[in-house]
Amino acid sequence: RERRPDVLVMDLMMPKMNGVEATRLVRQSVPETRVLILTSFGTAPELAKAVASGASGAFIKSTPTEDLLAAIRTVAAGGEAFPDEVRKMIDDNRQLSDLTDRQLEILAAATRGLTTSDIARLLGISVSCVLKHFTVIFEKLGVANRTEAVALALDRGHVLLVRAVGGVGDEQLHGLAAAHRRDARLHHLENDLAAPLATEEL
């Protein structure tokens, strides 16, 4: 607050306070200071939240120095700086960004194949609480069940929290995504096949 910089370049993932909360705090307490986020692939939901909290730009950490300096000048002049790949990450993950931190934790645990009881024990909450969270998650993501929610999360790059909960590697992550997409398609097929049978029984 004392220094009041024109632009604050901030890492999205920090040990004491994450970039989402820090961005919100900076924009509330020092509104004239603009925030530029540095991130890595796999943090898409958190990045979308940071932008919603007031970040004026975001760049991947591997961005060349000259491009980063140009972005800082753009943001300092009142503009926004979002490369195409970052903008796509944000646009693709607006649904996930609507989830609370607890809901993201539960969804991350589900991507590892944990049962409802396992998730409850892992997070220290009741089974009924986990089920209530899943209901809200399904509504926010516009999906019908856990399989579809997990497939969406893996497809949209919900990688960081998956690893935070269970250390999933890239190959295993891609395998999980393919399996859940297959399960989701089978679920829809089963529903389509079951619908006419139910009509005939009536």
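Ala-110 lies in helix H6 of this predicted model, and Ala-110 is buried there, with a relative accessible area of 4%. Leaving out residues up to four places away in sequence, Ala-110 touches Ile-119, Phe-134, Arg-146 and Val-150. One of these, Phe-134, is 24 residues from Ala-110 in sequence, while the two C-alpha atoms are 9.8 Å apart in space.

The buried residues of H6 are Gln-103, Leu-104, Ile-106, Leu-107, Ala-108, Ala-109, Ala-110 and Thr-111. Just after the helix, Gly-113 takes a positive phi of about 85°.

Two packed helices are described by the angle between their axes and the distance between the axes.

| Helix pair | Axes come within | Crossing angle |
|---|---|---|
| H6 (residues 101–111) and H7 (residues 116–123) | 10 Å | roughly 130° |
| H6 and H9 (residues 146–155) | 9 Å | roughly 95° |

The axes of H6 and H7 cross at roughly 130°, which makes H6 oblique to H7. The crossing of H6 and H7 is right-handed, and the contact is made by Arg-102, Glu-105, Ile-106, Ala-109 and Ala-110 on H6, together with Ile-119, Leu-122 and Leu-123 on H7.

For H6 and H9, the axes cross at roughly 95°, which makes H6 roughly perpendicular to H9. Here the contact involves Leu-107, Ala-110 and Thr-111 of H6, and on H9 it involves Arg-146, Ala-149, Val-150, Ala-153 and Leu-154.

**His-133 in helix H8**

His-133 is found in helix H8, which covers residues 127–141. With a relative accessible area of 17%, His-133 counts as buried, because the term applies to values under 20%. When residues up to four places away in sequence are not counted, His-133 touches Arg-102, Gln-103, Ile-106 and Ile-125.

Elsewhere in the chain, 3 strands form an open sheet in the order S1-S2-S3, with parallel pairing. Strand S1 (7–11) and strand S3 (57–60) stand at the edges, each with a single partner strand, so one side of each has no neighbour in the sheet. From one strand to the next, the twist averages 25°.

Strand S2 covers residues 34–39 and runs parallel to S1, to which it is joined by 5 bridges. Within this pairing, Val-9 has Leu-36 in S2 as its bridge partner. Helix H1 (residues 19–29) packs on the sheet and touches S1 and S2, with a direction that makes about 165° with that of S1. Helix H3 (residues 65–76) likewise packs on the sheet, where it touches S1, S2 and S3, and its direction makes about 155° with that of S2.

Thr-33 has its place in the loop between H1 and S2. Although it is a loop residue, Thr-33 is buried, with a relative accessible area of 2%. Aside from neighbours within four places in sequence, Thr-33 is in contact with Arg-4, Pro-5, Asp-6, Leu-8, Val-26 and Arg-27.

**The protein as a whole**

The protein has 11 helices and 3 strands, and from the N terminus on its elements run β-α-β-α-β-α-α-α-α-α-α-α-α-α. Of the 202 residues in the protein, 42% are buried. The protein exposes about 11,200 Å², and carbon and sulfur atoms supply 53% of that area. Among contacts between residues at least 6 apart in sequence, 65% join residues that are at least 24 apart, and the pair Ala-110 and Phe-134 is 24 residues apart.

Conventions: Residues are numbered from 1 along each chain as its sequence is written. This is a predicted model: local features need pLDDT of at least 70, side-chain atom pairs count only at pLDDT 80 or more; totals for chains, interfaces and linings use all residues. Side-chain values use heavy atoms; hydrogens and water are left out. Two strands pair if DSSP finds at least two bridges between them. Helices (H or I, at least four residues) and strands (E, at least two) are DSSP runs, numbered from the N terminus. Axes are lines fitted to C-alpha atoms, for helices over the stretch in contact, and angles run from 0 to 180 degrees between N-to-C directions. Contact means heavy atoms within 4.5 Å. Buried means under 20% relative accessible area, exposed over 50%, partly exposed in between (1.4 Å probe, protein chains only). Accessible areas come from the Shrake-Rupley method with a 1.4 Å probe; for residues, only the protein chains shown count as cover. Angles under 35 degrees count as roughly parallel, over 145 as roughly antiparallel, 65 to 115 as roughly perpendicular and the rest as oblique. A crossing is left-handed if the near helix is turned anticlockwise from the far one by less than a right angle, and right-handed if clockwise.
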